[in-house]
Amino acid sequence: TFGPVRVTGTERMDPAFVAARAGIPVGEPWDPAKVKAAEKRLRDLDVFASSRLVEDDAVGPDGTLGLNAAVAERPLRVFGFGASYSTIDGAGVEGWWQHRNLFGHGDRLRVDGRVSGIDTVDPRDLTWKGGVSFLRPGVFTPMTDLMVALEGAREVVDPYTQEKIAGRIGLAHEFFPDLKGKIAVNLEADKVEDGFGKRDLTVLSLPAELALDRADDEREPTSGYRLKGTAEPFHEFRLGASGAILRLDASAYYPLDADRRFVLAGRVAIASIVGADADRMPADRLFFAGGGASVRGFAYRSLGPTNAAGKVVGGLSLLESSVELRMKVTDTIGVVPFVDMGAAGAKSTPDFDEAPRFGAGVGLRYYTGLGAIRVDLATPIAPKRGDPKFGLYIGLGESF
């Protein structure tokens with residue numbers, strides 16, 4: 001059975017918290033999978049440059065086998081930056097700074113900033129987002145985290161322009177290594193201009209999420225599945241709208257050969273807003289399709305219901321799906337043909353006035369220790385007047 005966990009190598013971290021966060025069930029039968037899950041929990045704290053759980057040399061007289069958590073802490077402060085480019089969505093840059101261990105429990109203070117559309121000639125078309133967040137691991141239970149965030153944002157896309165300031169406080173809990181949940185209180189003020197007109201909104205919501213991850217790898221899954229359900233009851237004070245935003249995402253991965261060099265991957269998403277009209281909602285809460293994480297080959301959030309003037313507006317329902325064949329040509333190079341489908345509807349149930357739109361293309365992957373560098377080239381299937389000829393997307397990690 002599992003014996004006690006000792007901790008060595010800590011400097012600022014509280015050793016008792018590290019042992020509790022590992023989550024080894026002392027007294028229960030030995031299980032290598034639980035040791036592996038404990039090591040992942042310690043890695044996810046993002047505090048340690050290295051962390052290993054090492055078994056004692058011998059089983060104790062009482063039949064228990066103890067563990068030593070040998071850790072080495074990272075520097076307290078870290079910064080990072082990134083860049084992105086799409087022929088449709090434009091160029092963007094982002095940066096962040098983080099203190100990852102304020103009080104010895106892996107407490108993270110982080111400041112983020114991001115701007116896109118920097119290749120446009122009009123500064124009014126810039127999309128930006130900035131914020132500060134704080135994460136306190138191990139409140140109430142060793143597996144429960146406190147999250148606090150404040151952010152401001154401006155988003156300019158073809159269907160709408162929205163400015164927002166929002167604050168959120170919430171909890172995240174690990175029920176099991178592959179089952180996690182979140183719940184929060186969110187308050188935001190929005191200024192929106194879209195196909196429904198201009199409106200100022202104040203929204204109070206209670207977003208909740210439950211995610212089950214049975215995939216074999218976080219960055220490069222080759223088997224298993226993932227399920228995530230979200231529900232966000234809300235009330236808008238200025239126009240008096242109440243309702244809920246519901247969404248379910250699922251993805252699955254199936255290897256076609258013993259070496260898992262050929263993997264069939266698929267995803268589906270369905271979502272609905274119930275209880276409120278679209279013209280009383282923030283535009284970024286409404287549903288659109290199109291873009292690198294939706295239907296590739298189309299512009300970001302360019303697909304949805306239209307108003308009387310023919311302008312795309314947000315919908316109250318969404319249906320999306322994707323299929324990819326991930327083929328490793330070598331250990332570092334992969335080729336991925338794919339087909340995407342998506343549609344947003346004006347009603348709360350997926351009853352679309354127009355047929356779903358399809359995009360197809362091929363991607364190139366360069367596999368690294370940080371994940372796959374992804375380059376996707378896609379084009380609309382059965383294009384209509386005004387559709388782009390193609391879209392090029394470059395990013396880090398698989399598309400889903």
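**Note on the fold and its salt bridges**

1. The protein has two helices and 20 strands as its secondary structure. Its radius of gyration is 23 Å, close to the 21 Å that the globule rule gives for 400 residues, so the protein is as compact as a globular protein of that length. The model is a predicted one.

2. On overall dimensions, the C-alpha trace spans about 80 × 50 × 40 Å along its principal axes. The accessible surface amounts to about 20,300 Å², and carbon and sulfur atoms hold 61% of that surface. Buried residues make up 40% of the 400 in the protein.

3. On contacts, counting those with a separation of 6 or more, 55% are between residues 24 or more positions apart.

4. Side chains of opposite charge can pair when their charged atoms come close. In this model the count is 35 salt bridges.

5. Aspartate 112 and arginine 110 meet through their side chains in a salt bridge, at 3.0 Å from N to O. Aspartate 112 has a relative accessible area of 29% and is partly exposed.

6. Aspartate 200 and arginine 238 form a salt bridge in which the closest N and O atoms are 3.9 Å apart. Aspartate 200 belongs to strand S11 (residues 197-205), whereas arginine 238 sits in the loop between strand S13 (224-236) and strand S14 (241-255); the pair therefore ties together parts that are 38 residues apart in sequence. Aspartate 200 is partly exposed, with a relative accessible area of 34%. Arginine 238 counts as exposed, at 55% relative accessibility.

7. In the salt bridge between arginine 285 and glutamate 232, the closest N and O atoms are 2.8 Å apart. Arginine 285 is in the loop between strand S15 (262-274) and strand S16 (317-328), and glutamate 232 is in strand S13, so this pair ties together parts that are 53 residues apart in sequence. Both arginine 285 and glutamate 232 are buried.

8. Salt bridges also link residues into a network, made up of Arg296, Glu324, Arg326, Asp340, Arg365, Arg374, Asp376 and Glu398.

Conventions. Residues are numbered from 1 along each chain as its sequence is written. This is a predicted model: local features need pLDDT of at least 70, side-chain atom pairs count only at pLDDT 80 or more; totals for chains, interfaces and linings use all residues. Side-chain values use heavy atoms; hydrogens and water are left out. A salt bridge is a side-chain nitrogen of Lys or Arg within 4 Å of a carboxyl oxygen of Asp or Glu. Buried means under 20% relative accessible area, exposed over 50%, partly exposed in between (1.4 Å probe, protein chains only). Helices (H or I, at least four residues) and strands (E, at least two) are DSSP runs, numbered from the N terminus. The radius of gyration is taken over C-alpha atoms; the globule rule is 2.2 Å times the number of residues to the power 0.38. Contact means heavy atoms within 4.5 Å. Accessible areas come from the Shrake-Rupley method with a 1.4 Å probe; for residues, only the protein chains shown count as cover.
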